[in-house]
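I opened my notebook to look at how a few pieces of this protein sit together.

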Amino acid sequence: MSSTIKFQFEDNQRHQISAIESVVNLFEGLPRQSDEYVMAGDDTIANMPPYMLLEENWLLSNLNTIQHNNGLAENIALDVDEGFILEDLDAKSVRFPVFTIEMETGTGKTYVYLRTIHELKKLYGFRKFVIVVPSIAIYEGTIKTFEVTKAHFNKLYGNDHVHLTRYDGQQISKLRGFAGSQFIEILIITIDSFNKVSNIIFKPTEKLPGEKRPYQYIQETRPILILDESQNYRSILSRSALRTLNPLFAINYSATPVDKPNLVYRLSPVDAFKQNLVKKIEVLGVTEEHNINNPQLRLALESVISTIYGLSAKVSVLVNEKGVLHPKTIEIHKGDSLLEKTKNDYYKNLIVETIDKLNNIVTFSDGSQLSLNEPGENTLSKQEIFRTQISETIRYHLHKQNELLDKGIKVLSLFFIDRVSNYTGQDAIIPKLFDAEFLKLRNICPYFEKLDPSEVREAYFAQKKNKKGETEFVDTNLIEAKKTKAEKELEKAAYELIMKKKEILLSFDEKVSFIFAHSALKEGWDNPNVFQICTLNTTVSETRKRQEIGRGLRLPVNQEGIRITDETVNILTVVANESYRSYVENLQNEYVESGDAPPPAPTDAKKSLAQRNDKIFKSKDFQDFWEKLCTRTTYQIKIDSDTLVKDCITLLNNQQFPEPQIVIERGKFIITEIRLELLEIKKETAKIKVTITDTDNNETSFTRWFKEQDDLYRLSKDEKLKGFKVIEISDKGDDSAVIFADKGKLTLLEPIVFSTEKSQLTSPRTVQEAQTTYPVFNLIDRTAKETQLTRPTILQIFKGMREDKKRNIFKNPESFSAIFITTIQNQLADHIASKIEYILEKGLEEYEDEKIFPKTKKYPQKELIEGTKNSLYDVIQFDSDVEYRFIENKLKKDDEEGNIIAYFKFPNSFKIHMPKIIGNYVPDWGIIRKDSTGKYKLQLVRETKGTMIENLLQYPSEKRKILCAKKHFKTIEIDYKQIDDRVPNWWLPE
């Protein structure tokens, strides 16, 4: 039996704490509601008495403070939902505030709102919550998250009893228990369960006593609504249904909210990628070229849209241009002839008869139809695309599992298919293709060598029993709003099955590693260890890219259930049945549509790998240098306790300990738009206009000619243009284009437009100080835990502080604690760095040369520059402008002049061991260079920084590591020095 991995939840993730505090602080100043409050004349326990209201000006004031602190635009007035409830129930009008939390997929949105529920109960006594979800998938996913976080929250909140009621029309009596309970009660319900007056929840029933209808039990609790995926509840009907529950207030939670009333917290996709809270993305596009033998199969409906001229549809077709057929997306209207639109004789009888937006169908004059998301035919060419996609997914999976086996991380791959018959039944092609490719490739990874393909794959589809009692797998509608009740029930069973196996799939005891699911599983379920997503569709997927990649964005966990934050590990590979550039362009457009700049651009999985220069690698000079670099050392630390205590006291006596205060500021939320336009191409150069405008009416622009390898950022010195390096200029008339490195394509007809954000805050206009004191926790114990110093030593430091400084602990204990502990930590780290001594040990550090310097190397999400004849690889990664200039102006120049013998950037897997409080260290550059006379070979290690002065480094930890590194390299007799990119004789010793 497979073991189950237990997720280890972290309670101190800053982005999650900020989201929780942003909601909780809305009600700062509200008295805690009585635990014994019972509504008069009934046994219903409500969040607040019926006669009490949340005062809107007070809420607005709190909201503005939170928005200011979070860098958001401040509301002038409080946004409220006001209007009538569902018709035929009551003429009642309801008014309540709605707040918005925007969090990128994969960053713990469900965890955040479940923990927010606990905080609202703890601080204000609120206890009745209704979680509204748009689909069965999210319904099951939320329940699963509730179950796996229960022990975690029990530990945080002292086993505070929480009861989850799963709304079921067949067990309507549960609503009475929800209404009367004194504990935290959570009701989870789909919007479809209460958005029509015909729903069971609105009908009288003998299952409940008295004359009250089921929904009235919810109304009387004045519930707090948690609206999961809130963009799904924008219709008039949905808003009326939500009002019918008589909420005290509602909180929207979504990664892609369309409306953002009272936005209190925002974690954008850009934030998530920058903070390494989700996996980076790379894309492998699989498309077919030079096969136009059946244009009819290339005809597909992409979308139906409403315009001022009426309905239109976008269809993918093959157009005939000068006798050449090629794929293109065109827009068609009623009465249009595809023959005239495409000049393609294959479409000569196809005239648009009707366009149906409700059902997403286009009907032609010959009676044929095109439907959105309709599976196409399984032609041989399609099967070959499938085979290639499956093979590449398996290959990536096996290599990834090899890489992560020692880290205790089990790799999963997720396949989306849009037609269940492609997987089930005697003629199903996908299992056949998978099994054949797996048998070919399984030897790549020893873990899979002896496993049969049928043991490692499993499918999760909706299923039912036929008249013979046999299990049948069925397709369900891809469009949520069109699913029948029967389809929803079948999907619910499929989701329950995969949810139960979510943790089991993470264990190496479970052989299943490749998961096949119907395309309807694009929401509600994910697994942190999905590293590959393969979209097996018989037409190009028209689903939202963000929805697809969301199934694998979460950071992975190891066999102990602990999150892995290594960004070199956390890469999600999407194997798509369309071109890489098409997929990336669509994905980035979705981020732009949601008001964001694109995330760090997905890397091209087929991009050329960096190649090792074996002439350098196998040379005696390099091998001798590398062996010397691997010399093993150990370190000794002699702490002078008296000096440490004295220095800490001096620093603490000079610290400023701020008192609690409210700084009232008003700021502007400014959106900056960058627009790149290709004006002309001439003689392998491109004329590009760059326009930068913002909502504060600022505008700048410049126009210039660019050639291949020009970098717009470096030429313009504008940070917003980072990554726009010209790698190709294509002069093809109307199809002319400029290709940027991982930033898409700029054509004559299609400019590149994207947005970035920034906030501008005015100076504080008032400061209000809190005149009070606070209870003090055990500062000494906390500091001992964080610093590993003894309690007597810490107590000695505290006692040595001036009395006026110590008294600050009562005014602001947490702020005092932060400064107290940080000051001691920094001083201890400085003390250790100054006292540390390195000693030679026998033997060498054990590095496998072929692993640390592989023959080929991939650099995901990094900036690269071409190498030179004596660089270890033909491309070099650089992490800063200083490094870029050092390579260009020093190393390359010296190499051209014959002074360089070999050089390389140290890989992250090479570490110089340092005390934990300082952290291990990876140097920048290893270089073998001739001396000034040209007679001797210098073995050099250089650290490139923006300054030569250690005390001016950006982070104190950098100085400490450099101080320790100097001692380490001196011990092993290698010349080490910190330099900047301007020092002339950078190779000379310290």
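**Entry 1: a helix pair.** I looked up which residues of α24 and α27 touch, in a model that is predicted. From α24, I found Asn826, Ala829, Asp830, Ala833, Ser834 and Lys835 meeting Arg960, Leu963, Cys964 and Lys967 of α27. Contact here means heavy atoms within 4.5 Å. By class, I noted four nonpolar, two polar and four charged residues in this contact. Nonpolar covers Ala, Val, Leu, Ile, Met, Phe, Trp, Tyr, Cys and Pro, charged covers Asp, Glu, Lys and Arg, and polar covers the others, Gly among them.

Helix α24 spans residues 813–835 and helix α27 spans residues 956–971. Helices are DSSP runs of H or I with at least four residues, numbered from the N terminus. The two axes come within 9 Å and cross at roughly 15°. Axes are lines fitted to C-alpha atoms over the stretch in contact, and angles run from 0 to 180 degrees between N-to-C directions. I wrote down their crossing as left-handed, that is, the near helix is turned anticlockwise from the far one by less than a right angle, while clockwise would be right-handed.

**Entry 2: another pair.** Next I turned to α3 (residues 109–124) and α4 (residues 136–156), which pack at about 50° with axes 10 Å apart. That angle makes α3 oblique to α4. Their crossing is right-handed. Among the α3 residues in the contact are Tyr111 and His118, and the α4 side includes Phe146 and His152. I listed six nonpolar, six polar and one charged residues by class.

**Entry 3: one residue.** Is isoleucine 66 buried or exposed? Isoleucine 66 is buried, with a relative accessible area of 7% (buried is under 20%, exposed over 50%, partly exposed in between, with a 1.4 Å probe and protein chains only). Isoleucine 66 belongs to helix α2, residues 56–69. Setting aside neighbours within four places in sequence, isoleucine 66 contacts Ser22, Asn25, Leu26 and Val264.

**Entry 4: confidence.** The average pLDDT (the predictor's confidence in each residue, from 0 to 100) is 82, and 83% of the residues score at least 70. Over residues 662–669 the pLDDT is below 50. Where pLDDT is low, the predicted coordinates should not be read in detail.

Residues are numbered from 1 along each chain as its sequence is written. Local features need pLDDT of at least 70, side-chain atom pairs count only at pLDDT 80 or more, totals for chains, interfaces and linings use all residues, and side-chain values use heavy atoms, without hydrogens and water.

Key. Helices (H or I, at least four residues) and strands (E, at least two) are DSSP runs, numbered from the N terminus. Angles under 35 degrees count as roughly parallel, over 145 as roughly antiparallel, 65 to 115 as roughly perpendicular and the rest as oblique.
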